[in-house]
Amino acid sequence: SYDSGDKPITRYELEQNCVPTLTMDDNYLNQLHENIGFGQIPLYAGIDWSGGSEVSKTVFCIGGYIRDSRSHKPYFTIFYIKRFDGTESDPRYQLEFIKKMIYKWNIKIIGADYGGGLWPNTELKKEFGMTKVMTYQYANPKKKATFQGALGRWVVHRSEVMSDIFTALKSGAFFRFPRKEEFMETYGKDILNISSEVNQKGMLVYNRNLAQTDDAFHS
């Protein structure tokens with residue numbers, strides 16, 4: 001059960017997904033790039049474009065199923081994540097940076113926020129093709145995810161999809177993130193900024209204070 005303003009995940013639970021040896025240091029990322037091979041492990045990119053509030057920022061991340069060195073179990077590992085802030089807030093700079101990273105890591109599928117990125121998503125589709133750029137829009141459809149071919153977008157049930165992600169994060173058995181010293185203060189905080197409550201219709205919904213960011217969660 002949920003009360004108004006409940007937090008769907010604790011800091012301790014979220015930190016269990018952080019790997020002490022996984023860093024976004026350039027040398028480590030270059031080594032990882034060599035180790036996973038060009039295209040041998042499918043990699044995916046997520047983009048949450050800025051919008052929705054004055055504090056919102058574009059966040060870009062890359063991940064894929066990478067086996068743990070000890071257990072050999074594959075986890076969906078977000079090994080790179082970046083928030084565009086300050087002088088990097090220029091949409092054209094963001095787009096060119098993201099294009100370079102997609103080429104560098106040979107990204108298989110790009111998942112992008114539909115509502116906040118109409119122009120950049122169009123540019124990405126021109127560059128990489130319609131089947132490689134998947135756009136997603138939150139709504140309240142009857143199904144958890146429905147593809148609208150005419151508009152080239154996925155409409156997903158916001159509360160159900162977010163609940164799935166929180167459940168996976170709380171279990172500690174699905175995701176892996178960079179070490180907490182690099183991840184938690186900037187990106188983990190976005191996840192912890194989200195609260196849950198039951199609305200008047202008895203449905204679980206997720207909200208945040210408009211003075212806070214949650215962009216990393218949605219990327």
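1. On a 1 Å grid over the protein atoms alone, a pocket is an open set of points with protein on both sides within 12 Å along at least five of seven lines, whereas a cavity is a set where a 1.4 Å probe fits but cannot get out; lining residues have an atom within 4 Å of a point. Grid points are joined across faces, edges and corners, and a volume is the space filled by probe spheres set on them. The second largest pocket has a volume of about 500 Å³.

2. A note on the basis. The model is predicted: local features need pLDDT of at least 70, side-chain atom pairs count only at pLDDT 80 or more, and totals for chains, interfaces and linings use all residues. Residues are numbered from 1 along each chain as its sequence is written, and side-chain values use heavy atoms, with hydrogens and water left out.

3. Second largest pocket, lining. The pocket has 20 lining residues, and V19, T21, Y28, D68 and S69 lie nearest its centre. At least two lining residues come from each of α2 (26-36), β2 (59-67) and β3 (74-83). α2 gives the most, with five residues. Helices (H or I, at least four residues) and strands (E, at least two) are DSSP runs, numbered from the N terminus. The lining divides into eleven nonpolar, five polar and four charged residues. Here Ala, Val, Leu, Ile, Met, Phe, Trp, Tyr, Cys and Pro count as nonpolar, Asp, Glu, Lys and Arg as charged, and the others, Gly among them, as polar.

4. Largest pocket. Its space is about 1300 Å³. The lining holds 47 residues; Y138, I165, F217, H218 and S219 lie nearest the centre. By class, 28 are nonpolar, twelve polar and seven charged.

5. Cavity. The whole structure has one cavity of 30 Å³ or more. The largest cavity holds about 30 Å³ of space. H33, I36, G37, F38, G39, I41, L43 and W105 line it. Five of these are nonpolar and three polar, with no charged residue.

6. Strands pair if DSSP finds at least two bridges between them. β1 (residues 43-48) pairs with β2 in the antiparallel sense over six bridges; G46 has C61 in β2 as its bridge partner. β2 also pairs with β3, again antiparallel, over nine bridges. Y65 stands opposite F76 in β3. The hairpin of β2 and β3 has six residues between the strands, and H72 there takes a positive phi near 65°. β2 is mostly covered, with seven of its nine residues buried.

7. R83. This residue sits in strand β3. Is R83 buried or exposed? R83 is buried, because its relative accessible area is 14% (buried is under 20%, exposed over 50%, partly exposed in between, with a 1.4 Å probe and protein chains only). The R83 side chain reaches the backbone oxygen of T186 at 2.9 Å. Leaving aside neighbours within four places in sequence, R83 is in contact (heavy atoms within 4.5 Å) with K57, T58, V59, E88, T186, Y187, D190, T213 and D215.

8. Parallel strands. β4 (residues 109-113) and β5 (residues 133-139) run parallel, joined by four bridges. G111 has M134 in β5 as its bridge partner. β5 also runs parallel to β7 (residues 153-157), with five bridges. There, Q137 is partnered by V155 in β7.

Notes: Polar contact = N/O pair within 3.5 Å; in protein donor to acceptor, adjacent residues only side chain to side chain.
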